[in-house]
Amino acid sequence: MDERMARMALSCVVEPATWSVSQAVDEFGAATVWEALFGSSDPWAKKAHAFDPAKVVAAAAQAGIRFVIPADDEWVDVVADLSRDVIVHQLGGMPFGLWVKGGGNLAQLCSKAVSIVGSRAASAYGEHVAGELAYELGQGGVSVISGGAYGIDSAAHRGALASRTPTVAVLAGGLDSSYPPGNAALFDRIAENGVLVSELPPGEHPTRVRFLSRNRLIAALSMGTVVVEAAVRSGARNTLTWANGIGRVTMAVPGSVTNANSYGPHQAIREAAAVLVTNASEVCELIEPLGRQTPIPDAEHRFTDELSQAQLRVYEALPARGSRGADEIAMRAEFALGTTLALLNQLFELNLVWQNPKQEWQLTSAKHRDALLAER
């Protein structure tokens, strides 16, 4: 078995962040480790004998998923920092490979990226801050990485999408199904120009331990991690621990002292485990080399600035080229069909969209939009 297939086999058989196996792969190579595992009495050996490479390859191809290893151009080299002697909750080590889905290039997106993480049960303040921070970072050409969960993660991904800068979602299960299911439409939007990433092959489902092992990837893929709202015991604080352990910049946004979700960021700041930040400029100041900070440009007026949040979600659900039916737009915008049709008609009245002879909706031409902006 060659190195690529051996890494794929190990990713299907061995749980992510199994330190001993990861270290053995670093030292001896995946093919050697697989052969030893296959012929041993190790607990993983039973799964190794049941591994069907053709079935896994076919499932990945059907779902549009690719497997990336360190020899590939799309591999993110800094993930090698996970090979350091850093163990959190008995987990650690570099991934055998990464399952990737989407139109973006993982290495390019992570070359200048920040992770934004936080509570699933986020407050309106937390979601607003995460969305604005992601949007401003995207405006400055910085990609945003998060975990695809409800709350802060979703707000960060949506803020990044609004900035037109692709975003990266690191998930704790196979990429052939969406978890949480309610974010399926969001994951589709992310995959258009960004990527979904997982250590787990198609068919695998999230578990508590897999969420914890996933957190180390969120930390390792980016230049720094920002925590926006996190309870006493949370995955977001776990991600911050990983980021500190592998030498990444760690940051936290302060919140209300009456909100239990402010405890995590406030504790991290008080213990000097994170630097207090309040906006994208402060984040960029920390992640850029001294004297090379990339300024966040002043936002220029755009015709979309005058749209409501609901109108903007429907507008962004339309493709840059071509058209979509109202039902698909409703799914992507996460609105009921009737609400979507009403919003599409509002956008039509503003000359921003039109309905073609196939009864599908599409954006008006750039020339027309520029003329509209000039009139305003």
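**Aromatic contacts and the central sheet**

The charged end of R313 sits over the ring of F335, 4.2 Å from its centre; a charge is placed over a ring if NZ of Lys or CZ of Arg is within 6 Å of the ring centre and within 35 degrees of the ring normal. The structure is a predicted model, in which local features need pLDDT of at least 70 and side-chain atom pairs count only at pLDDT 80 or more, whereas totals for chains, interfaces and linings use all residues. Residues are numbered from 1 along each chain as its sequence is written, and side-chain values use heavy atoms, with hydrogens and water left out.

Nine strands form an open sheet with mixed pairing, in the order β1-β2-β6-β5-β4-β3-β7-β8-β9. Strands (E, at least two residues) and helices (H or I, at least four residues) are DSSP runs numbered from the N terminus, and two strands pair if DSSP finds at least two bridges between them. At the edges are β1 (65–68) and β9 (275–276), each of which pairs on one side only. Strands β2 (residues 98–101) and β6 (residues 195–198) are joined in the antiparallel sense over three bridges; K101 has L196 in β6 as its bridge partner.

Two helices that pack on this sheet may be considered next. Helix α9 (residues 184–193) touches β2, β5 (167–170) and β6, and its direction makes about 105° with that of β6. Contact here means heavy atoms within 4.5 Å; axes are lines fitted to C-alpha atoms, for helices over the stretch in contact, and angles run from 0 to 180 degrees between N-to-C directions. Helix α13 (residues 280–287) touches β3 (113–118), β7 (224–228), β8 (249–253) and β9, with its direction at about 165° to that of β8.

A search of the whole structure finds four aromatic pairs. Rings of Phe, Tyr and Trp (its six-membered ring) pair if their centres lie within 6.5 Å; planes under 30 degrees apart count as stacked, over 60 as edge-to-face and the rest as tilted. The F67 and W99 rings, with centres 4.6 Å apart and planes at 50°, are therefore a tilted pair. This pair links strand β1, which holds F67, to strand β2, which holds W99, 32 residues apart. F67 is buried at a relative accessible area of 10%, and W99 is buried at 1% (buried means under 20%, exposed over 50%, partly exposed in between, with a 1.4 Å probe and protein chains only).
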